[in-house]
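Let's take a walk through this one together. Have the sequence and the fold open side by side as you read.

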Amino acid sequence: MKLSITRTRFIFLVLLAGLLFLAGCGQKQGGSLPEDESTVPVVSENNEPSGEPAETEGSAFTAPLTGMPLDEPLTRRPLAVMVNNAPAARPQSGLSGADIVYEVLAEGGVTRLVSIFHSNADEAKIGPIRSIRPYMIELGESYHGVLVHAGASNDAYAVLQRQHKEDLDEITNAGAYFWRDKSRKAPHNLYSNVEKLLEGAAKRGYATEDTEVPGYTFRGKDDPIEGEPVGSIEIKFQLDNYKVTYEYDTETKLYKRYINGSPHTDLDTGETLTAANVVVLGADHKVLDDVGRLAVDLNLGGEAILFQQGKAIRGQWIHRTDDVIRFVKDNVEVPFVPGTTYFNVVPNQPDFDSHVKTE
C-alpha cells in the first residue's frame with residue numbers, strides 16, 4: 001500500500017512538470033513576432049527610414065554605401081570629389097573606385113560627377129577635379145564627406161565660408177594635395193587620390209574617422225526583384241552631347257555605362273564603368289543668371305526609377321535632414337543590389353519621363 005502511494009505521487013509529479021513545460025512553450029510562442037512581420041525598413045510619415053543593411057554572406061563586415069564585404073570595419077570618413085565631365089575631361093580616372101556617383105547639371109547643359117569615395121581607390125588617381133556648386137555641397141555632406149574641389153561658384157564660396165564647411169579646395173586652402181598632369185590641357189588635368197586627400201584633411205584639422213556614415217539597405221543573394229524587364233536605359237539631361245546610356249549585362253548582372261554611344265571608360269584601366277544600381281530622379285531646376293548657373297532642389301522629393309538586375313522599379317526619392325537620398329516605393333525603402341550606385345538627377349521640366357527612355 002505504501003509503495004502504491006509513492007508510485008502515484010511520482011506519476012502525478014511527472015504529469016505536472018509536463019504541463020508546466022507546455023505552458024511555458026505556449027507563452028514563448030505567443031510573445032514572438034508573427035511570421036509575416038516585414039523585415040524591410042518602412043519609411044515613416046516624417047520620411048525616416050529604419051533598418052540595417054543586410055549581412056553579406058561569408059563576411060562579418062560590409063561597406064555601408066555598397067554592401068560589399070570587408071575584412072574589417074570601415075571607419076574612415078568619405079570624400080566627396082567633384083569630377084569634371086566635360087568632353088575634354090573624358091575619360092576620367094578613378095571613378096571605378098567610387099562607392100556612389102551622382103551626375104548632376106552644373107550650367108549650360110554641362111554635367112558634373114559628385115563622386116563619393118569611401119571603401120575603395122586608396123592609390124588610384126582621381127580626376128580631373130573641378131569646381132563645386134551649393135547643391136553639390138549638400139550631396140557631399142549628406143554622406144558626411146570632406147568636400148574636394150577646385151574653385152566654386154560665388155554662391156558656393158559664400159556657403160563654404162559662411163558656414164565653415166570642411167573642404168579641400170585646390171585654389172584656396174589645399175593646393176599641396178593636388179597635382180597637374182602635364183599630358184592633358186588645363187583646366188582638365190587636376191588630380192589627387194584618397195591617401196593625399198585624407199592627409200590634407202588631417203592637416204587642416206578635419207576629422208578623418210567617421211563610424212556613423214548613413215548606410216543603405218541591401219538585397220540578399222537570392223532576393224527576388226519585382227519590376228518591368230528593361231535592358232537599356234537612355235538618359236538625356238539637357239544637351240544632346242551629354243546623352244548617357246546604361247546597358248544591362250546578364251552575365252555580370254551589372255550596367256555598363258556609355259556616353260553618346262561610346263563606352264564610358266577609366267583612363268588608367270581602360271575598363272568600362274559599371275553600376276549595380278542605376279537611379280534616375282527628377283528634381284526642380286531653376287536658372288539663376290545669364291551664365292546658366294542653377295539652383296537644384298534636392299530636398300523636395302519626387303519621381304524616380306530604380307534599375308537593378310534588368311528590372312525597372314518606379315517609385316519616389318526622398319531626402320530627409322541629416323540623411324542621404326533614398327529610393328522608396330509605397331512608402332518602403334527598396335534595398336539596393338550590393339555594388340556601386342549611380343544617381344542621375346534630371347530636370348522635372350518639361351516632365352520627368354521626357355528625360356528617360358527604356359528598351
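Predicted model: local features only at pLDDT ≥ 70, side-chain atom pairs only at ≥ 80, totals over all residues.

Residues are numbered from 1 along each chain as its sequence is written, and side-chain values use heavy atoms, with hydrogens and water left out.

Let's begin with helix α4, residues 194–203. Helices here are DSSP runs of H or I with at least four residues, strands are E runs of at least two, and both are numbered from the N terminus. Buried means under 20% relative accessible area, exposed over 50%, with partly exposed in between (1.4 Å probe, protein chains only). The buried residues of α4 are Val 194, Leu 197, Leu 198, Gly 200 and Ala 201. They sit on the same side of the helix because they cover an arc of only 155 degrees around its axis, taken from the directions from the helix axis to the C-beta atoms. Glu 195 and Lys 203 are exposed on the face turned away from that buried side. The cover over the buried residues includes β3, β5, β6, β7, β8 and β10.

Now for the ends of the helix. Asn 193 caps the N-terminal end of α4, with a side-chain oxygen 3.3 Å from the backbone nitrogen of Glu 195. After α4 comes Gly 205, with a positive phi near 85 degrees.

Three strands form an open, antiparallel sheet in the order β6-β10-β9; strands pair if DSSP finds at least two bridges between them. β6 and β9 stand at the edges with a single partner strand each, so one side of each is left without a neighbour in the sheet.

On to strand β4, residues 100–105, where 6 of 6 residues are buried. Ile 100, Tyr 102 and Val 104 point one way, and Val 101, Glu 103 and Leu 105 the other. β4 runs antiparallel to β5, joined by 6 bridges, and pairs with β24 in the parallel sense over 4 bridges. In the hairpin of β4 and β5, Gly 108 in the turn has a positive phi of about 65 degrees.

Finally, Phe 343: along with Tyr 102 and Tyr 216, Phe 343 touches the most other members of the largest nonpolar core, which has 89 residues. Such a core is a set of buried Ala, Val, Leu, Ile, Met, Phe, Trp, Tyr and Cys residues joined through side-chain atoms within 4.5 Å.

Definitions and conventions:
Contact = heavy atoms within 4.5 Å. Polar contact = N/O pair within 3.5 Å; in protein donor to acceptor, adjacent residues only side chain to side chain.
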